[in-house]
Amino acid sequence: MTRPFDATRLADWWRAREPRERRMVAVMLAAVAAFVLWYGIVAPLRQVRDDARARHAEAVAAAGEIERALAHVEASSARLPPAPAGDAFATTVVDSAGAAGVAVSRQDDGGDGVLVIAIDAVDAPALFGWIDALRREHGIAPLALQVDKHGGRLRAELRFAPPPA
């Protein structure tokens, strides 16, 4: 059976020690307290601080890269021709696909004027070459692109948003 903590017993034990023993016990308890403080609080906090500094430095570097990329995209977009409007938009997309050797298997209206183009079988260089040429020559880029491998070739579905009126 354990007895509850008794402060009077501890005080009696402390008074029974010689002054030299009291100093040694006090120094030992201070050393244990310093050890616990250092390894239980200070060292982990330093590690957290160092990790936070490293994450902050990485975030600053990533933000700088993103800003440079955005500036490049904005500069690149400024040089692109304006996308055709109305019916010419869908006609331009489909005609440029045919000119690039990309066979469009299905063309649908995805709602809100979004043009959906399905391609059943195409080689990767032809598909991505067409998308790049469409962007450079006509100022049109897909809003979304889904590509799957199918029989050694690619199957793709592209969504194009018309230019704002």
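## Exercises on a predicted model

Serine 96 is buried, with a relative accessible area of 12%. Keep in mind that this is a predicted model. Let's work through a few tasks.

**Exercise 1. Find out where serine 96 sits and which residues it touches.**

Step 1: Look along helix α3, where serine 96 has its place. This helix spans residues 87–99 and lies across β1, β2 and β4.

Step 2: Decide on burial. Buried means under 20% relative accessible area, and serine 96 has 12%, so it counts as buried.

Step 3: List the contacts, leaving out residues up to four places away in sequence: serine 96 touches Trp130, Leu134 and His138.

Step 4: Check for a polar contact. The side chain of serine 96 makes one with the side chain of tryptophan 130, at 2.9 Å.

**Exercise 2. Work out the strand order of the open sheet and how its strands pair.**

Step 1: Read across the sheet: its 4 strands come in the order β1-β2-β4-β3, and the pairing is antiparallel.

Step 2: Spot the edges. They are β1 (106–109) and β3 (144–150), each pairing on one side only.

Step 3: Go pair by pair. β1 and β2 are joined by 4 bridges, and aspartate 109 has leucine 115 as its bridge partner in β2. Between β2 and β4 there are 6 bridges, with alanine 118 opposite glutamate 157 in β4. β3 and β4 share 7 bridges, and here aspartate 148 faces arginine 155 in β4.

Step 4: Look at the turn. The hairpin of β3 and β4 has 2 residues between the strands, and glycine 151 takes a positive phi near 60 degrees.

**Exercise 3. Sort the side chains of β4 by face, then see which helices touch this strand.**

Step 1: α3 lies across β1, β2 and β4, running at about 10 degrees to β2. α4 (residues 124–138) touches β2, β3 and β4, and its direction makes about 20 degrees with that of β4.

**Exercise 4. Is arginine 17 buried, partly exposed or exposed?**

Step 1: Locate arginine 17 in the loop between α1 (7–15) and α2 (19–78).

Step 2: Its relative accessible area is 26%, so arginine 17 is partly exposed.

Terms used: Residues numbered from 1 in each chain as written. Predicted model: local features only at pLDDT ≥ 70, side-chain atom pairs only at ≥ 80, totals over all residues. Heavy atoms only, no water. Pairing = 2+ DSSP bridges. Contact = heavy atoms within 4.5 Å. Axes fitted to C-alpha atoms, helices over the stretch in contact; angles between N-to-C directions. Buried < 20%, exposed > 50% of the residue type's maximum accessible area, 1.4 Å probe, protein only. Polar contact = N/O pair within 3.5 Å; in protein donor to acceptor, adjacent residues only side chain to side chain.
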